[in-house]
Amino acid sequence: MAKQDLTETVIRLAQHRGFVFPGSEIYGGLRNSWDYGPLGVLLKNNLRDAWWQHYVTSRDDMVGLDAAILMNPKVWEASGHVDSFNDPLVEDIVTHKRYRADHLIEEVTGKSADGLSLEEMAALIKEKKITSPDGHELTEPRVFNLLFETFLGAVEGQKETIYLRGELAQSMFVDFKRVMETTRLKIPFGIAQIGKVFRNEISPGNFTFRTLEFDLMEFEYFVKEADWEKHFDYWLEDMQTWVIEEIGLTKEKLRVREHGPDELSHYSKKTVDLEYDTPSGFKELFGLAYRPHDLENHAAKSGADLQVTDPETKQSYFPQVIEPTFGLTRLMLMVLFEAYHVEEVKGEPRVVMRFKPRLAPYQVAVLPLSRQEELLGVAAPLAAQLRQSWSCDYDVTQSIGKRYRRQDEIGTPYCLTVDFDSLDDKQVTIRERDSMKQERIPLANVEEILAEKLARS
Ligand code: GAP
């Protein structure tokens, strides 16, 4: 399938099957905002839980945090986001619509515009005669701050400007001392968080790839300055292993790209992106940054003591940070691309979403062959029993063939069919999504067999 067709096909499937819906659709939507539907929320939560399990609960050097979205605005001043969290913008001189200058340049030149100065972008726009998507002349690029502003206070004229958080990291820095005191962790250790962040992106787009609000999973790993490279390399390796082995992205579709000096965020001394080969080329999936000065900055601006004491030398120092950051909603989009397969079965196309079984929205579906009472009397209690351990769908509509196709298309790894023989032999048919192999298994052992198959996959 052509790459662009894959994007459209996956978007269609995601909307049609209830993974993702346009946000505020009945009012005409809102600039590329999306709602996660019944299947999307299951898939997204499974990805989130896999991350939390790998990076937090299975480790003894990591703890979690769930901090407030609204913070004292001084946090964002101290972090540098108020001054430096910017994108370069150009405006169509006729329609006054604004666009990301770097994106328009990349579309025309086919090369990354990351790290180009405003002057260099202006020169390229002139040289390549780049126009707006409507074909009009553009203004010179200007910087635009990505922080979303909102207001605190109900009294007009006395409202204070505050910001919706643009990244999770700041609350991990601000709460650093509290976490150390309450957990008695020693350097090196990490604080992890999952939650919504907000960015006033001027050109959101590509479905859920770039949105105004998105879920982030990130942790700050606090280290001694002398050790930062060792930890950086360790986490880079781990991020790749996790996304390949536990999430199921193909190794060959991933690559690591280091930021050039002009491209680095204002807080970072070294950043690499883990990129994925999407239908529109390699795009940033996750980031890994070395942030040496965050605690030091917050200590200076707030007056708080954010230093720790080295147990050997008894000297005080500011821990530095290695920050692996994972866009959850972006990851889910890549997982949808990766999972999509179409094959021919008996002259008909069969669409299969090959999710890792434990990440699929449903691990199992129970399908009584017909709506007859005797079959429902076996199938409904079986579904109720399985729901205690897994996410289980129960479907009595349409022919069994159509129901199998629907389950394939939403990625359910196992279907259990209750038929008339089940009433006598107390067995059901288990059908495996990828191979379509079917076998009869005893009703009494369904849970045990399923657990064994899911543990292996
Ligand atoms: N604390 C570091 C940080 O936030 P970032 O590179 O700005 O780093 C982290 O963002 C990740 O968030 C990216 O690697 C990407 O997966 C995701 N991301 C960034 N902007 C996004 C957007 N507008 N929509 C969806 N996901 C986004």
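Arg184 sits in the loop between helix 8 and strand 9, with helices (H or I, at least four residues) and strands (E, at least two) taken as DSSP runs numbered from the N terminus. Its phi is positive, about 55 degrees, although Arg184 is not a glycine. At 67% relative accessibility Arg184 counts as exposed; here exposed means over 50% relative accessible area, buried under 20% and partly exposed in between (1.4 Å probe, protein chains only). The loop between helix 8 (176-183) and strand 9 (189-198) also holds Pro188, which is joined to Ile187 by a cis peptide bond with omega at about 5 degrees.

A word on the model: it is predicted, so local features need pLDDT of at least 70 and side-chain atom pairs pLDDT 80 or more, while totals for chains, interfaces and linings use all residues. Residues are numbered from 1 along each chain as its sequence is written, and side-chain values use heavy atoms, with hydrogens and water left out.

Turning to charge pairs, the structure holds 34 salt bridges, each a side-chain nitrogen of Lys or Arg within 4 Å of a carboxyl oxygen of Asp or Glu. In one of them, the side chains of Lys44 and Asp215 meet at 3.0 Å, N to O. Since Lys44 lies in helix 2 (residues 38-57) and Asp215 in strand 10, this pair ties together parts that are 171 residues apart in sequence. Lys44 is buried at 10%, and Asp215 is buried at 9%. Arg354 and Asp434 also form a salt bridge, with the closest N and O atoms 3.7 Å apart. Both belong to a salt-bridge network that includes Glu343, Arg350 and Arg405.

One nitrogen atom of the ligand is 2.8 Å from an N or O atom in the side chain of Glu218. Taken alone the ligand exposes 560 Å², and the protein buries 92% of that (Shrake-Rupley areas, 1.4 Å probe).

Conventions:
A polar contact is a pair of N or O atoms within 3.5 Å; within protein, one must be able to donate a hydrogen and the other to accept it, and residues adjacent in sequence count only if both atoms are side-chain atoms.
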